[in-house]
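Here is a brisk tour of one protein chain. Keep the sequence and the 3D view open as you read.

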Amino acid sequence: MSRKTRTFALTATAVAAALTLAACSGSSSDASGSTAEEGFGDLSIQLTWIKNAEFAGEYFAMENGYFEEAGFSEVNLLAGPGATESIVLSGEALVGLSSPVAVAPVILEEGAPLKIIGTTYQKNPFTIVSLPSAPIDAPEDMVGKKIGVQAGGNETLFEALLEANGIDPESVETVPVEYDPSVLVNGEVEGFFGYVTNELLTLELGGHEPHSLPFADNGLPFIAESFVVTQDSIDTNREALKAFLYAEILGWKDALADPEESARLAVEVYGADLGLDPEKELQQAIAQNEQLVVTEETDANGLFTISNELIDANIEILALAGYDIAADQLFDMSLLAEVYEEHPELLN
């Protein structure tokens with residue numbers, strides 16, 4: 001199954017409704033400041049996509065009892081795609097997965113009290129896929145070529161890629177496509193907006209030798225699969241959020257160590273009704289582990305951490321897209337810092 005960009009799925013109406021509901025009801029979790037000994041109650045996490053190997057860390061945290069150990073009685077993984085920011089604001093989920101590119105506009109345009117407290121992907125998975133017959137190995141290679149780009153947010157990201165690399169949009173022919181890379185194989189386009197964890201793998205498993213131009217390595221190093229919460233949760237439910245991060249770290253450490261089990265959990269357990277391809281799920285688990293989740297920064301400072309340099313880079317990218325936002329308006333890394341200070345064994 002192909003995935004669609006969820007970056008700009010949230011409507012102003014949905015956010016406004018969620019803000020009203022949040023003001024009336026507060027956070028979905030216990031706002032009394034309960035401790036792990038007392039228990040934090042149920043936990044809902046809004047995912048960005050279907051339950052495939054992308055969320056292996058969450059599966060391990062559930063299977064191995066890490067959420068329960070952290071103080072949660074029951075955990076509900078809400079499959080996407082969905083309006084993550086709206087769902088978190090409304091209190092339907094304590095935490096949602098999103099990205100700065102999606103969260104910043106909601107903060108600036110709707111006054112949403114949201115913060116990012118960590119990120120699974122240190123790099124975003126977007127890429128321009130091409131074939132050896134017309135390889136695109138550098139941004140300038142797109143000039144004079146037809147690039148297939150999907151509607152629903154991808155156009156904006158593609159325009160940002162061109163702008164970040166000083167490429168005149170008029171020098172590239174953008175072709176509206178769906179989410180099937182067969183248009184690349186049959187020659188309708190020479191480049192295809194895809195994911196290193198999806199369409200690139202589809203082509204490889206189909207016997208092709210695709211080239212990849214990752215956005216993260218070509219001017220757009222924004223993070224993805226970021227943990228989004230409300231400011232109210234940070235203020236009144238801080239220990240529950242720290243418990244969530246603790247369990248997530250343990251789950252993702254397991255996922256990094258065992259991509260085969262990550263794939264099995266996706267195919268046979270959490271996504272059992274989706275007809276997932278076991279080989280593709282395995283390759284996705286390996287690809288995200290090696291290319292997106294782990295970096296020198298996480299090796300040094302721990303999973304989910306975001307360096308000041310990476311935060312600054314994301315702020316610059318947002319400004320490039322027309323969203324001028326300060327780092328402290330969007331990020332709060334203090335909870336994760338406290339988790340690692342209180343549990344230094346997580347750095348082993």
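## A glutamine and its distant partner

Gln329 sits in helix α15 (residues 327-330). Helices here are DSSP runs of H or I with at least four residues, strands are runs of E with at least two, and both are numbered from the N terminus. This is a predicted model, in which local features need pLDDT of at least 70, side-chain atom pairs count only at pLDDT 80 or more, and totals for chains, interfaces and linings use all residues. Residues are numbered from 1 along each chain as its sequence is written, and side-chain values use heavy atoms, with hydrogens and water left out.

Gln329 counts as partly exposed because its relative accessibility is 34%. Buried means under 20% relative accessible area, exposed means over 50%, and partly exposed lies in between (1.4 Å probe, protein chains only). Gln329 and Lys115 are 214 residues apart in sequence, yet their C-alpha atoms are 7.2 Å apart in space. Setting aside neighbours within four places in sequence, Gln329 is in contact with Ile107, Leu108, Leu114 and Lys115. Contact means heavy atoms within 4.5 Å.

## The whole chain

The protein has 16 helices and 10 strands. Of its 348 residues, 56% count as buried. Take the contacts with a separation of 6 or more: residues 24 or more positions apart account for 81% of them.

## The core

Nonpolar side chains tend to be buried together in soluble globular proteins. A nonpolar core is a set of buried Ala, Val, Leu, Ile, Met, Phe, Trp, Tyr and Cys residues joined through side-chain atoms within 4.5 Å. The largest one here has 106 residues. Phe72, Ile128, Met142, Phe158 and Leu330 touch the most other members. Helix α10 gives the most to this core, with 11 residues.

Which residues does Phe72 contact beyond its neighbours within four places in sequence? They are Phe40, Gly41, Leu43, Phe67, Ala240, Ala243 and Phe244.

## Aromatic pairs

The whole structure holds 10 aromatic pairs. Rings of Phe, Tyr and Trp (its six-membered ring) pair if their centres lie within 6.5 Å; planes under 30 degrees apart count as stacked, over 60 as edge-to-face and the rest as tilted. Two of the pairs are set out here.

| Pair | Type | Centre to centre | Between the planes |
|---|---|---|---|
| Phe67 and Phe72 | edge-to-face | 6.4 Å | 75° |
| Phe126 and Phe222 | tilted | 5.8 Å | 50° |

The pair of Phe126 and Phe222 links distant parts of the chain, 96 residues apart. Phe126 is in strand β5 (residues 126-130), and Phe222 is in the loop between β9 (211-214) and β10 (224-230). Both Phe126 and Phe222 are buried. So are Phe67 and Phe72. One aromatic cluster takes in Phe126, Phe193, Tyr195, Phe215 and Phe222.

## Helices in contact

Helix α10 (residues 238-257) packs against helix α16 (residues 334-342) at an angle of about 65°, with the axes 9 Å apart. Axes are lines fitted to C-alpha atoms, for helices over the stretch in contact, and angles run from 0 to 180 degrees between N-to-C directions. On the α10 side are Arg238, Leu241, Lys242, Leu245, Tyr246 and Ile249. They meet Ser334, Leu335, Leu336, Glu338, Val339, Tyr340 and Glu342 in α16.

Helix α11 (residues 259-270) has its own buried residues: Pro259, Ser262, Ala263, Leu265, Ala266, Val267 and Tyr270. Their cover includes α2 (56-63), β2 (72-78), α10 and α12 (278-293).

## Backbone details

The peptide bond from Gly80 to Pro81 is cis, with omega near 0°. Pro81 is in the loop between β2 and α4. Gly82 is in the loop between β2 and α4 (84-90). Gly82 counts as partly exposed because its relative accessibility is 23%. Gly82 is in contact with Gln46 and Ile87, leaving aside neighbours within four places in sequence.

Glu225 has a positive phi of about 50° although it is not a glycine. Glu225 lies in strand β10 and is buried, with a relative accessible area of 5%. Phe304 is not a glycine either, and its phi is near 75°, a positive value. Phe304 is in the loop between α13 (296-301) and α14 (308-320). Phe304 is buried, with a relative accessible area of 1%.
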